[in-house]
Each structure stands twice: as C-alpha cells, then as structure tokens.
Amino acid sequence: MHIDAYLKRIGLARPLPPTLATLSAVHRAHLRAIPYENLDVQFGRPVTIGRSAIFEKIVGRRRGGWCYEMNGLLGWALSELGFKVTRATGAVMRETSGDAALRNHLVLKVEMDEGLYLADVGFGDGPIEPIRIVEGPFVSGGLPFSVAKLDDEWWRLRNHPHGGAPSFDFNLAPVDEALLAAKCDEQQYSPQSHFVQNLFCFRFRDDGVVGLRGRVVRTVTACGYEDRILNSADELVRFFDEELDLRDPELASLWPKTCARHEVVMAQKEQD
C-alpha cells in the first residue's frame, strides 16, 4: 500500500498538504475516478473491511467498491496525507429502519482547523465534496442537500431529491470495528440485503452523477434527471465499460438475475 499509487489512481500527485483545499480535491477526484459498485456481492465473492485487500482491489485491479471499501480506502489515504480521520458509524435509512440500520454505512470524520467535516465517498450519489458538520441546507455539485442534528449523538444527512436512499444518519464516535465487520458480512450474505437482491453502481462526472439500479440507468445533473432502461446483457456490459470504466468477464451472467429483480420491483410499485 503506497499513497502515490492511490493518488495516481485518482489522477492527483503530491505535494498535498493536509488542508481543506486538499481534502476537497481528493474527495472530488476519488468520486470521479472510482465508481461505487457491488459487483462482488452480486457474484458471491467475499468482501472485507480490511484496508490491504481494499487497496489491492481498487488501486491494484482498478475496481470500484461499496461504502466499506470506498471510505475505507479514502480514510487510509487521508491519514497518510496527514489528516486526523476517525472511522465513524453511518446508518442509511435509520429514520425508517431504526437501529437495525446501524453500521450499514461507514463514514469519516475529519478534524480540520476550520471545523469538523464529514468525508463520504461511499453513499453512491451523495455530495461530491466533504461537508462541514453544521445544521442547515447546502449545495454540492449543483444538487441540494441538508444536515440536521437529531440529538447529542446523531446527525442526519438528507440526500438530493433525485437520489437513491433519501437519507443516512451518522454518529461521530469511533465505530466498533468488530460490529462493523459483522454488518459488512450481513449485508453481503443475507437474502434480505438490498445489495444481495439488486445490482447498484454510481459514477460521478463533471456535470453530475450516473447510476444504475437493476436495469434502470439514471443520470442526474443540476437541471434534473433522466432515466433509461437497459434491454440486454450486451447493453449492461457496454454500460459498465463506457460509463464506469469497469470490466468483468462474468458481468453478462448477472443479466437474468437483474431482470428478475426488476420485475419484482415493478410489481411492487404497481401495488403501491
């Protein structure tokens, strides 16, 4: 694991002093270079929170990853660059799922002279920049977000209106690493896990973010969003190649499962 290899992966080079400008530059570059994706979970390949395995996958093999991997790698890199970073607890959709959501997301607290910042490159289609942890609305990448303080321990980030998950809560105390690893296992093996049930991926671009949920491709910009449906395994492979810069010889084999899940989701929407 070498910081210069990571920086090359995201298109940056030293010197990068531990300043707010550097934090923002690394955060943006990471999201534009590395896609969020759950391919390994879909294939049944084990995923870990161990930093060395994550580095080898994302930097060495030029893959993407999900929150444990994306923020795990970023947290390590920021520490290498001299930032004070704390791995902290995130909980996507805790507002509806309650404490069952604890540690289904990993976030990073970064302590700066300017204040506390949340760095998160693992939410998929969230803010492209690190955000100062203060209450109120803010704009990132031309999209509206907000942060609310819930109590003495918890905060809530509200996603932009065209995003995937509407919100996640976060607690700035150091995460329990054993419980985090257990939640990582649950999310990659449980039949009830959204990551087991469906294919997800996101990639930030200069004008916004493109995401895939099953067969649905959504492109979001400051002007709104546009959806389109993938209609074949070839289109799926081409989307990963052209939009995400990702290739896997087994990718086309996910098409039947992805179609089946799409039908289930569409039926549920019709019932609602």
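Asp169 and Arg94 are both buried, and their side chains meet in a salt bridge at 3.0 Å, N to O. Asp169 belongs to strand S9 (residues 167–174) and Arg94 to helix H6 (residues 94–97), so this pair ties together parts that are 75 residues apart in sequence. Do keep in mind as you look around that this is a predicted model.

Helix H6 also holds Glu95, which pairs with Arg156 of strand S8 (residues 154–158), a link between distant parts of the chain, 61 residues apart. Arg156 is buried, with a relative accessible area of 16%, whereas Glu95 is partly exposed at 31% relative accessibility.

Now to another pair, Arg45 and Asp248, whose side chains form a salt bridge at 3.0 Å, N to O. Arg45 sits in the loop between helix H3 (39–43) and helix H4 (51–60), and Asp248 in the loop between helix H9 (233–244) and helix H10 (255–271), so the pair ties together parts 203 residues apart in sequence. Arg45 is partly exposed, with a relative accessible area of 24%, while Asp248 is buried at 16%.

| Salt bridge | N to O distance |
|---|---|
| Asp169 and Arg94 | 3.0 Å |
| Arg45 and Asp248 | 3.0 Å |

Across the model, the count comes to 25 salt bridges.

Notes
Residues are numbered from 1 along each chain as its sequence is written. This is a predicted model: local features need pLDDT of at least 70, side-chain atom pairs count only at pLDDT 80 or more; totals for chains, interfaces and linings use all residues. Side-chain values use heavy atoms; hydrogens and water are left out. A salt bridge is a side-chain nitrogen of Lys or Arg within 4 Å of a carboxyl oxygen of Asp or Glu. Helices (H or I, at least four residues) and strands (E, at least two) are DSSP runs, numbered from the N terminus. Buried means under 20% relative accessible area, exposed over 50%, partly exposed in between (1.4 Å probe, protein chains only).
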